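Q: Could you walk me through reading a protein structure, one feature at a time?

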Amino acid sequence: AIFAPALAGRAASIAARPLQFFLPLLLLRLAAAEVAGLLVRGPSKELFASMASGKQMTPAEMLETGRQALNGKIYPNMDELPEMTLSNVLANVDALYKQEQEKQPGKKNVSPIYSQVGPVLIALNPFKRLACYDAEWRDAYRNEGNAGRIKTAWQRLGPHCYCTIEEVYQGLKSKNQSVVICGESGAGKTVTNKFMLDYLLDIGCAKERAMTSTPSMTMSKVVSTRLESQKDQLEAASEALEAFGNAKTMRNDNSSRFGKYSKLFFEKDLSGVCGLKMEHYLLERSRLVHVPDGERNYHIIHMLAEEEKNIMKPEEFKYIDAAAKVTMIDKKPFRDDNDFRELKKTMAKAGFNDEYQGELYNIIKGLMYMGNVSFFHNESQGGDFTSLDPASGDAFAKSCDYLGVDQDKMLHALTHNVIDSKTDGIIHSPVKEKGAVANRDAVAKTVYSKLFDRIVAVMNDKMGSQKAIHSSHRVGLLDIFGFEDMPINSFEQLFINLTNEWIQNLFNKCMFNKEIETYEREGIPLDDFEPPDNFACVKLFIGEVQPRKPGIITLMTDAVKSPTGKDGAALVSIMGQELKKYWSEYFHVCTQRELMPICAAKTKKWKVDVKLNYDECFMVKHYAGNVVYTVQHFIPKSKDFLAPHLGEVLEGSKRKVMHDIFEKEAEAHKTKAHQTIGEGFKTQLSGLMMELEDVENNNNECCFVRCIKPNPSMTPGIFDESLVKDQLECGGVVAALKMRSDGLPDRMDFREFVNEFWCLEPKDKKDRDRIMEPISRCRDLMKSYVGEEVPADSAAGKQDKGSMAARYRMGQTKVFMKSGILPALRVAVQVVQARCARRVQRRWRAKQGLNLIVRVGQVQQQLENHIGIATQKGVAEQDQVIQAIREAQKSVEQAFNKLQEDPTKWSHIEEGRNVATGSGFKREVEKTCAEIPAATLPESEVERIESLVRTAGRTITTVVANWSIAEAHISELITEKKNEVNAQLTR
């Protein structure tokens, strides 16, 4: 399909015989390559086929395919990959990960854990401290930035998070900057965020240190102390927040259970950071009251439980329970007591005095004891109400004491609902036991969530966010949870994946702009190149206002606010009815038959028995693949507010922090309606995306860091290709590849192209083209094998514009090709090489045949020489000599008789013998000579003839030697007799 348009022109430029030989074999090779998945029709179908097609290669096969394609080469910047495929990306990342980390920068232009593609930095978690994070490396990238070479620093030092953040800092001169850090739990997001944050915070201090190194300049100790103090405070604030928002999960010992957007504001002259503001997203509130098996509650909960162990053992707290015995992934125990001592120091650095810290810790302790409060259904005295379980009286008392609330009021609020009726006024109705437990957990989750909000607000105030917010220079670091497809995807995964879907939309735009820059730099038109658009999937979640199209969040909000709102299967049924009208491409209600293979695949992957109720499940088509969500407890999880009577009790707390939090909440509730979790998160996320895109002012630029977890055991040096492949897909790297495949994804430098494909040049042009420029040779070769850049019958060809209809385009330094052309050319090279190899083999066999004839001729000459010696010596008539010569002559004559049986072949042989080098062989002569060893004159026969001639020679030599001995003996006898006769005569 690729070569057909050019075959006619190709036939005119070369002889018919080579084309007839080449075409069938080429088509055979192309067919085999297509079956193997090397050639595709359309944009990279080998990579982006549906998950259900079952035709994709396994990760191990992809890795091996990529290794063969790369042939030992490593590309730190994967934009340089000749073929941008997932197989090559996977193999390249694997090869990099196996490299040794240099201790000093500049010795190799690679760091084993870092690579990049477009605006994306790919960072593998090494699970150990590497030398590339030392001050020497940090200073090397900073020096590159100061010298104005940061754009090309990766060529000398390799891609690195320091390189990315230095480029971000240098970009502040023109625009605000944002870095989006994504990845699954354990991929290293928090650590990467720390290194980048520390790099930016160190800028002012580094400049002051540089100034003090100059003898002619001095620095005020006050300024130095202020900068170091500010840096310590900002770092402390970031670290302290981890204690309240991070927890141990199955995949990570320090997993962030919230998203964080840290905005650093810089001085006008960019001399350093003047303030920091943090925003957080979607704290996992449910973890406080329910900890998944094998995981832990928030770090602070376990720290405080350790402090209270003299009163109650950690495992006796219901909100901790079995989590108290959970160890780190490497089986080492957590040191909560030591961590708590360090936390108090860190909080002090962040600006929290001992009194304020004490209030925070007491409130959290109150929530921990609240988890031990239980109830029972009381029917005594003719009543029907819920009462406090006497066994939990002490826990309830301690909880109320720590929270600073009245016990009676709190108990009444937990065990009653308050309804404000227009006709009957305020009605207090008792709740069932389950209702009281739900109220208890709602209080715990809400208080902890609001307390977390307050901690962030205080940190922002302490770090000068209000003063710095008007700064014209800002860098945002977004540390956000990665795309998730868990055994059971519930409420939390729904919002996590919405976030990633929206960020992917932003990523598509940034990646598209990067592609535009590449095409424009190479002078290639792009009139019909459009970025992929997944915003319809985002709209499935958030809906549309005009015209009104409900989304998932809209329907959940309606269910929460409706007195008869339904959860589970009923809510899924409503979604199916409403959402299919507008978003059928992305939304699907699952059937039992569809869920069976999905559950089987999840069971195999996660090593747990996954069972899903089909009537509670729906599927969403995300950019990373189809994800099944299970609707369970969506309604209670959607509520972001307490019943007013519970809020009033908490507002009356003697704890100032608690009182202030719920006093403001009460004021806010008077002025606006309650927002659900979904509504609040949608508003928050919309604001974040508006800031990241900044479409109105075009004053923000984004780059991305995709953190990759190389193996589930978190062990250094192990590369799990299946796990990494899944993360590359979920991290949007595959989407980036698809975007490139929609254009002209395969790119090669002209010189590299000619060096690889010179053997495809027409024979009559090869010698002449040696002196031509690589671009001209590349153009001629592409025209010869592929045809014109744009097909003449295409719309783009008629208008002479656009690149998407083009087979290839010639840029300023590279040739850009459609998917499939580069591997097809490589198949053509293999065909030519195979043909040349066969020609060399045939020529070699012809040479071997001629060598055999030469050897027979030489043997014949040797035999004639032996006969001459025998005649000269007078032994030619000896029986032994006659017999040996006769056998040798007979073998030589038989050999020549066989060669001369066919006069035509003998003429070819004679002609071949007259060609000294063999370079002038005709095809028929070559063929005849090549057949000599196998058919006419095997080498074994020549060796037998040589042996007979040698035998004849040895026989003649032996006979001559024996004859000489006999002559000498006779001569001695004669001499003896003569002497005897003479003696007698003398006597």
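Predicted model: local features only at pLDDT ≥ 70, side-chain atom pairs only at ≥ 80, totals over all residues.

Q: How many bridges join strand 17 to strand 19, and do the strands run parallel or antiparallel?

A: Four bridges hold that pairing, and strand 17 and strand 19 (residues 814-817) run antiparallel. Now step back to the sheet: it is an open one made of three strands, in the order 17-19-18. Strand 17 (746-749) and strand 18 (808-810) are its edges, each pairing on one side only. On average, neighbouring strands here are turned by 15 degrees against each other, if you ignore direction.

Q: Which helix lies across strand 17, strand 18 and strand 19?

A: That's helix 30 (residues 750-757), which runs at about 95 degrees to strand 17.

Q: Is helix 21 mostly covered or mostly uncovered?

A: For a helix, remember that there are 3.6 residues a turn, so residues three or four places apart point the same way. Helix 21 (residues 552-561) is mostly covered, with eight of its ten residues buried. Among them are Ile 552, Leu 555 and Val 560. The cover includes helix 19 (491-521), helix 22 (568-583) and strand 14 (617-622).

Q: And where is Asp 406 found?

A: Look in the loop between helix 15 (393-403) and helix 16 (407-415). Asp 406 has a relative accessible area of 39%, so it counts as partly exposed. Its side chain reaches the backbone nitrogen of Lys 409 at 2.9 Å. Asp 406 and Gly 652 are 246 residues apart in sequence, yet 8.2 Å apart in space, C-alpha to C-alpha.

How values were computed: Residues numbered from 1 in each chain as written. Heavy atoms only, no water. Helix = DSSP H or I, 4+ residues; strand = E, 2+ residues; numbered from the N terminus. Buried < 20%, exposed > 50% of the residue type's maximum accessible area, 1.4 Å probe, protein only. Polar contact = N/O pair within 3.5 Å; in protein donor to acceptor, adjacent residues only side chain to side chain. Contact = heavy atoms within 4.5 Å. Pairing = 2+ DSSP bridges. Axes fitted to C-alpha atoms, helices over the stretch in contact; angles between N-to-C directions.
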